[in-house]
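Please open the model in a viewer and keep the selection tool at hand. The stops below are arranged so that each selection leads to the next.

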Amino acid sequence: MPPADQNGDQNVDELSSSKLRQVRRVGFLVFTLAMTALLVKLGYWQMSRAEEKVQLLMQLDVRQQTVLTAIAEPNADMKGFGVALQGQFESTQSILLDNQTLNGQVGYRWMVPFTVDGKWLLVELGWVAAPARRDELPKLPLLPDTYVVHGVLDAPSDRMVLSHDITEKRWPLRVQSIDMDALSVATGKSVFPWIVRSTRIEDVQGNTENINVTPVWTPVVMLPEKHYAYAVQWFGLAIVVAVGSLVWWRKGRL
């Protein structure tokens, strides 16, 4: 018969082991519930983002049915409206938006001021490839005639800031992003607070002008279908975590 103090030590060890196992099980349960809730929340967030994109695309589709031939209210909410504006390009003062890739190739988004009713309106013509050397810039064609720009009005990014001191007026400007106010101050021109994402350039006879660029603008960066796909992934992970944890729990591995 074992001594009384040995039995006491054994009982203490068993009690400690039982408490430790209970703590592990509670911790595992809390972790599982928290992780499952987080994954479900991420799934619903992706669903809400998809719905927002659907509503935005529907709104833009409706707005693009209205084609403006003049911009009478420069500060109004006109994002997404179609335009067909006649004017002249200031192609000697082009702007190249840096770090733009297409199919793995580095290039620029080419933007040109377009004079409409005496004011500048920045027009994005499309993507152009960058030369092999960083100290070289792409050869840009001049656009000396009167043209009609067809496209969609868009607002510049909220965080757009010119990366170069444009008071030096070294054209074309290679920039990381665009500040309309800085452009206006540096050039002394009145600039509309909009960018036209061009879809077609025509001469006054209605002939399409081929300027050898690639259109890259899309109204949204990520389509609703992709958000739905991500939502399915998050919900799937939540199911995997919940089912896997239940199996682990029932097998008594804690």
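**A tour from strand to core**

Begin by selecting E2 and E4, which pair in the antiparallel sense over two bridges. Helices (H or I, at least four residues) and strands (E, at least two) are DSSP runs, numbered from the N terminus, and two strands pair if DSSP finds at least two bridges between them. This is a predicted model, in which local features need pLDDT of at least 70 and side-chain atom pairs count only at pLDDT 80 or more, while totals for chains, interfaces and linings use all residues. Residues are numbered from 1 along each chain as its sequence is written, and side-chain values use heavy atoms, with hydrogens and water left out.

Within this pair, select Phe89 and find Phe114 of E4 standing opposite.

Now turn to E5, which runs antiparallel to E4 and is joined to it by 10 bridges. Select Gly107 to find its bridge partner in E5, Ala129. In the hairpin of E4 and E5, two residues lie between the strands, and Asp117 takes a positive phi near 55 degrees.

Why is E4 largely enclosed by the rest of the structure? The reason is that 10 of the 12 residues of E4 are buried; buried means under 20% relative accessible area, exposed over 50%, and partly exposed in between (1.4 Å probe, protein chains only).

The next stop is the largest nonpolar core, with 27 residues, of which Phe89, Trp110, Leu125 and Leu153 touch the most other members. Strands supplying at least two residues each include E2 (82-89), E6 (146-154) and E8 (191-203), and E4 gives the most, with five residues. A nonpolar core is a set of buried Ala, Val, Leu, Ile, Met, Phe, Trp, Tyr and Cys residues joined through side-chain atoms within 4.5 Å.

Select Leu125: leaving aside neighbours within four places in sequence, its contacts (heavy atoms within 4.5 Å) include Phe89, Trp110, Leu143 and Ile211. A second, separate core of 12 residues includes Leu97, Leu173, Val175 and Met180.

Finally, move to helix H1 (residues 4-64) and select Thr36. Thr36 counts as buried because its relative accessibility is 17%. Beyond its neighbours within four places in sequence, Thr36 is in contact with Ala238, Val241 and Ala242.
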